[in-house]
Amino acid sequence: QVQLVESGGGLVQAGGSLRLSCAASGLTIATYTMAWFRQAPGKERELVARIARIFDITVYADSVKGRFTISRDSAKNTVYLQMNSLRPEDTAVYSCAADSRVSPLNFEYWGQGTQVTVSS
């Protein structure tokens with residue numbers, strides 16, 4: 001059974017940093033494309049960052065480029081999202097996702113999400 005468990009969310013002031021973690025079980029993250037999505041109240045879910053299963057190619061939403069970094073630690077079977085220079089508009093529920101394809105449009109496995117709140 002595949003499980004993705006996010007942690008690291010919380011309340012932070014604008015300009016601060018947080019690191020989200022996504023601990024995976026039931027799959028090996030090194031062979032999956034992993035991603036972070038977010039959904040703010042009243043808005044659609046959006047892709048924040050993705051790291052491909054081949055060559056670790058990364059893709060970022062324009063709104064987070066230069067501020068957020070996605071990475072994976074295969075030894076810990078965990079994916080991270082380092083978020084710097086946070087803004088109030090980054091407030092959302094952040095969810096981890098996994099898929100066995102290289103560039104999936106819809107991800108197969110999802111975590112429950114972790115709340116990130118950025119105060120101004």
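Here is a short tour of this structure, stop by stop, to follow in your viewer.

**Before you start**

You're looking at a predicted model, where local features need pLDDT of at least 70 and side-chain atom pairs count only at pLDDT 80 or more, while totals for chains, interfaces and linings use all residues. Residues are numbered from 1 along each chain as its sequence is written, and side-chain values use heavy atoms, with hydrogens and water left out.

**Stop 1: the whole protein**

Switch to cartoon view. You'll find 11 strands and 0 helices; both are DSSP runs numbered from the N terminus, with at least four residues of H or I for a helix and at least two of E for a strand. Now zoom out. The C-alpha trace spans about 40 × 30 × 25 Å along its principal axes. The radius of gyration is 13 Å, close to the 14 Å from the globule rule for 120 residues, so the protein is as compact as a globular protein of that length. That radius is taken over C-alpha atoms, and the rule is 2.2 Å times the number of residues to the power 0.38.

The protein exposes about 6,400 Å², with 47% of it supplied by carbon and sulfur atoms; the areas come from the Shrake-Rupley method with a 1.4 Å probe, and for residues only the protein chains shown count as cover. Of the 120 residues, 43% are buried. Here buried means under 20% relative accessible area, exposed means over 50%, and partly exposed is in between (1.4 Å probe, protein chains only).

**Stop 2**

Is M34 buried or exposed? It's buried, at 0% relative accessible area. Its contacts (heavy atoms within 4.5 Å) beyond four places in sequence include L4, I51, I70, C96 and F107. Try the distance tool too: the C-alpha atoms of M34 and A52 are 6.6 Å apart, though 18 residues separate them along the chain.

Now move to Y94. Leaving out residues up to four places away in sequence, Y94 touches E6, L20, W36, L81, M83 and V116, among others. Across the protein, 57% of the contacts with a separation of 6 or more are between residues 24 or more positions apart.

**Stop 3**

Select N77, in the loop between β7 and β8. N77 is buried, with 15% relative accessible area. Setting aside residues up to four places away in sequence, N77 touches C22, A23, A24, S25, L27, T28 and I29.

Jump to F55, in the loop between β5 and β6 (58–60). F55 has a positive phi of about 65°, although it isn't a glycine. What does F55 count as at 74% relative accessibility? Exposed.

Finish with S85, in the loop between β8 and β9. Phi of S85 is near 50°, again positive in a residue other than glycine. S85 is partly exposed, with a relative accessible area of 42%.
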